[in-house]
Amino acid sequence: IEYVNPAFTTITEYLPGEVIGANPRILQSGRHDADFYAAMWEEIRVTGRWRGEIWNRRKSGEFYAEWLSIVAIKDDLGNTTHNIAIFSDITHRKEDEERVWR
């Protein structure tokens, strides 16, 4: 992680100094298996992007659902140099959907 904005801190409860330089795995909830992540990264490798729902964990340990979009940034030779991730917290929407289906 190279940069986070204030919304990241609001959603994840992590301060910039706690995550800058860290691997995004620190947010993993454990709800997705290795195959999920392998498929996600393969999609990014092949197409340069991925988007979908994912469950992560706040600093407090609370699970949250997010809509995540990841885009690969490539250099002039087509090599990925960075990935940009943009996400929004959709936990309340997921909870509402669950109530509808009960």
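**Entry 1: Glutamate 13**

I began with glutamate 13, which is partly exposed, with a relative accessible area of 32%. I placed this glutamate 13 in the loop between helix 1 (6-12) and helix 2. I then looked up its phi: for glutamate 13 the angle is near 75°, a positive value in a residue other than glycine.

**Entry 2: Confidence**

I noted that this is a predicted model. The chain has an average pLDDT of 96, and 100% of the residues score at least 70. Where is confidence lowest in the chain? I found the lowest mean, 86, in helix 4 (residues 91-101), and the highest, 98, in helix 2 (residues 16-19).

I traced an open sheet of three strands in the order 1-2-3, with antiparallel pairing. Strand 1 and strand 3 (80-89) are the edge strands, each pairing on one side only. From one strand to the next, the twist averages 30°. How many bridges join strand 1 and strand 2? I read nine bridges, in the antiparallel sense. For asparagine 56, I found the bridge partner in strand 2 to be tyrosine 64. Helix 3 packs on the sheet and touches strand 1, strand 2 and strand 3. The direction of helix 3 makes about 150° with that of strand 1.

**Entry 3: Nonpolar cores**

Which residues make up the largest nonpolar core? I listed eight: Tyr37, Met40, Ile44, Trp50, Ile54, Leu68, Ile70 and Ala72. At least two residues of this core come from each of helix 3 (34-47), strand 1 (49-57) and strand 2 (63-74). Apart from this core lies another, of seven residues, including Val4, Tyr14, Val19 and Tyr64. I also looked up the contacts of isoleucine 54, leaving out residues up to four places away in sequence. Isoleucine 54 touches His32, Phe36, Tyr37, Tyr64, Ala65, Glu66 and Leu68.

**Entry 4: Aromatic pairs**

I searched the whole structure and found three aromatic pairs. Why is the pair of phenylalanine 8 and phenylalanine 87 edge-to-face? Their ring centres are 6.0 Å apart and their planes stand at 75°, so the pair is edge-to-face; the cut-off for that label is over 60 degrees. Phenylalanine 8 is in helix 1 and phenylalanine 87 in strand 3, 79 residues apart, so I noted a link between distant parts of the chain. Phenylalanine 8 is buried, at a relative accessible area of 9%.

The rings of phenylalanine 36 and tyrosine 37 are also edge-to-face, because their planes are at 90°, with centres 5.2 Å apart. Are these two residues buried or partly exposed? Phenylalanine 36 is partly exposed at 24%, whereas tyrosine 37 counts as buried at 13%. Last, I saw that ring pairs link Phe36, Tyr37 and Trp50 into a cluster.

Terms used: Residues are numbered from 1 along each chain as its sequence is written. This is a predicted model: local features need pLDDT of at least 70, side-chain atom pairs count only at pLDDT 80 or more; totals for chains, interfaces and linings use all residues. Side-chain values use heavy atoms; hydrogens and water are left out. pLDDT is the predictor's confidence in each residue, from 0 to 100. Helices (H or I, at least four residues) and strands (E, at least two) are DSSP runs, numbered from the N terminus. A nonpolar core is a set of buried Ala, Val, Leu, Ile, Met, Phe, Trp, Tyr and Cys residues joined through side-chain atoms within 4.5 Å. Buried means under 20% relative accessible area, exposed over 50%, partly exposed in between (1.4 Å probe, protein chains only). Contact means heavy atoms within 4.5 Å. Two strands pair if DSSP finds at least two bridges between them. Axes are lines fitted to C-alpha atoms, for helices over the stretch in contact, and angles run from 0 to 180 degrees between N-to-C directions. Rings of Phe, Tyr and Trp (its six-membered ring) pair if their centres lie within 6.5 Å; planes under 30 degrees apart count as stacked, over 60 as edge-to-face and the rest as tilted.
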